[in-house]
Amino acid sequence: MSRKTFTCPDASCRRCPRLSAFLDKNRRLYPDFHNAPVPSLGDLDAELLIVGLAPGLKGANRTGRPFTGDFAGDLLYGCLHDFGFSTGEYKARPDDGVRLVNARLTNAVRCVPPENKPTGDEVRQCGEYLADEIDAMPNLKVVLALGGLAHNAVLSVLGQKKSAFKFAHNALHELDWNGRRILLLDTYHTSRYNVNTGKLTPEMFVNVFKTLSGIVNP
Ligand code: URA
């Protein structure tokens, strides 16, 4: 069987008029920023795919690497390292040498949305890339969804009923996608709001990684 390939969308993607206009504005305001769809990090051969929400304006949209320079990245990259899913020291820069191990990191929406809020249509448009990406991951065992939006985006691209798989922190759902068994693990998003309000504590996030470690090894 021939191997499927996947290429992340580049700066020429203009599927979402609102996001394209926001990128154009940010190219003028912040010419040194990445200001384009943020490509995934990690290998397509990985067994683990982590799906976030969307790049933060001055984080991933600036640096060009998912979660890099965003508050949400601190807890995530820390756990990836502590559980062996990455090597190198995370320094919030795309050239810090961090490499993912048996893991890939992406976002449900690859362009920065105004106020961190993508619309349903933008999630659907970008979902076509997510579906192709999942299809190109032959060894994929588990998708870790950071937050309800990522959870729903994954269910939708895998053609699953949302009512059958309710989002819950540290819940594990077993999905059948075209005869492939894929597990979906949920966590609250590592956003500043969730961490500062205690909705997601570092201990709760570590527990999700403990669940993950029972399924895939780095
Ligand atoms: N940065 C990202 O790349 N994704 C998120 O979901 C949050 C911050």
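Is Glu133 buried or exposed?

1. A word on the model. This is a predicted model, where local features need pLDDT of at least 70, side-chain atom pairs count only at pLDDT 80 or more, and totals for chains, interfaces and linings use all residues. Residues are numbered from 1 along each chain as its sequence is written, and side-chain values use heavy atoms, with hydrogens and water left out.

2. The answer for Glu133. With a relative accessible area of 0%, Glu133 is buried (buried means under 20% relative accessible area, exposed over 50%, and partly exposed in between, using a 1.4 Å probe and protein chains only). Its partner is Arg110, and the two side chains meet in a salt bridge, 2.6 Å from N to O. This pair links distant parts of the chain, 23 residues apart: Arg110 sits in the loop between strand S5 (103-107) and helix H4 (120-135), and Glu133 in helix H4. Arg110 is buried too, at 1%.

3. The wider count. Twelve salt bridges turn up in a search of the whole structure (each is a side-chain nitrogen of Lys or Arg within 4 Å of a carboxyl oxygen of Asp or Glu).

4. Look at helix H1 (residues 17-29), where Arg27 and Asp24 lie three residues apart, about one turn of the helix (helices are DSSP runs of H or I, at least four residues, and strands are runs of E, at least two, numbered from the N terminus). Their closest N and O atoms are 2.8 Å apart. Arg27 counts as partly exposed because its relative accessibility is 28%, and Asp24 does so at 23%.

5. A pair on show. Glu174 forms a salt bridge with Arg181, with 2.8 Å between the closest N and O atoms. Both Glu174 and Arg181 are exposed.
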